[in-house]
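Q: I am new to this structure and would like to learn how to read its features one at a time. Could we go through it slowly together?

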Amino acid sequence: MMMVNAKLALLLVSVAAFGYLQTALAYSEGAPLEVCTDLMPQHGAPAQTKESPYTLTLNRKSVKGGESMTLTLASKDFSKFKGFIIQARDSNDKPIGSFTSLPASKNNAEFKGKWKLISCPDGPTNNTATHANAVEKSRVVLTWNAPKNLEGQSLKFKYTVAKNGGEYWVGKESESVSVTKKN
Ligand SMILES: *[C@@H]1O[C@H](CO)[C@@H](O)[C@H](O)[C@H]1NC(C)=O
């Protein structure tokens, strides 16, 4: 009996450790698909309610179908971040458009393998950008491409930034971008 219990305990500990390892691993390599909708990291800590030190700056206020935009994720106070997830959302809050997979030049100093693309459900391929590793970053520059048949009045970007595993700002919204009709 004693023996069986000890084995069972060992098994449970291994399963738990493996699960923990898998989670930790998944996160250091970017957000998993479970966070696609609410953008909430599953780290167990509550989202921060104090003002976010991070901003997402857009290079334009309006966009037409097929056009691109540059997004810059950075901090206001030089605090770095380890993780992030960014998505464009249409007026129905569904992911739209896609990110460009690599900078024009792979030697681009802004890239250095900081991020990767994932395809969240209910949206096109590569509709979401997330961190590729847990190295501290101070700035991430991304190119987002509007779908050719862009519809609706406006869109916005929703994003989460994790300073570390226990401190993150969830589901923040960029300024709204108005959609201009193609002639
Ligand atoms: C999606 O991104 C990956 C790299 O992250 C790239 O290899 C692939 O071509 C992209 N797919 C589309 C449809 O853009």
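Q: How do the residues of the shell around the ligand divide into nonpolar, polar and charged?

A: Bear in mind that this is a predicted model. Here the shell divides into one nonpolar residue, four polar residues and one charged residue. The residues around the ligand are Ser 98, Ser 101, Lys 116, Leu 117, Thr 125 and Asn 126.

Q: Which strands does β7 pair with, and how do they run?

A: Strand pairing is read from the bridges between two strands. Strand β7, residues 128-131, is joined by three bridges to strand β4, residues 83-89, and the two run antiparallel; β6 is joined to β7 by four bridges, and these two also run antiparallel.

Q: Which residues stand opposite each other in these pairs?

A: On one side, Ile 85 stands opposite Thr 130 in β7, while Trp 115 stands opposite His 131 in β7. In a regular strand, side chains alternate between the two faces of the sheet.

Q: Where is Gly 113, and why does Gly 113 count as exposed or buried?

A: Gly 113 lies in the loop between β5 (98-99) and β6 (115-118). Gly 113 counts as exposed because it has 11 C-beta neighbours inside 10 Å, and a residue with 12 or fewer is called exposed.

Q: What is Gly 113 in contact with, leaving aside its neighbours within four places in sequence?

A: Gly 113 is in contact with Ala 132 and Asn 133, once those sequence neighbours are left aside. From C-alpha to C-alpha, Gly 113 and Asn 133 are 8.0 Å apart in space, although 20 residues apart in sequence.

Notes:
Residues are numbered from 1 along each chain as its sequence is written. This is a predicted model: local features need pLDDT of at least 70, side-chain atom pairs count only at pLDDT 80 or more; totals for chains, interfaces and linings use all residues. A residue is near a molecule or strand if its C-beta atom, placed from the backbone, lies within 6 Å of it. Ala, Val, Leu, Ile, Met, Phe, Trp, Tyr, Cys and Pro count as nonpolar, Asp, Glu, Lys and Arg as charged, and the others, Gly among them, as polar. A residue is buried if 20 or more other C-beta atoms lie within 10 Å of its own, exposed if 12 or fewer, and partly exposed in between; C-beta atoms are placed from the backbone. Two residues are in contact if their C-beta atoms, placed from the backbone, lie within 7 Å. Two strands pair if DSSP finds at least two bridges between them.
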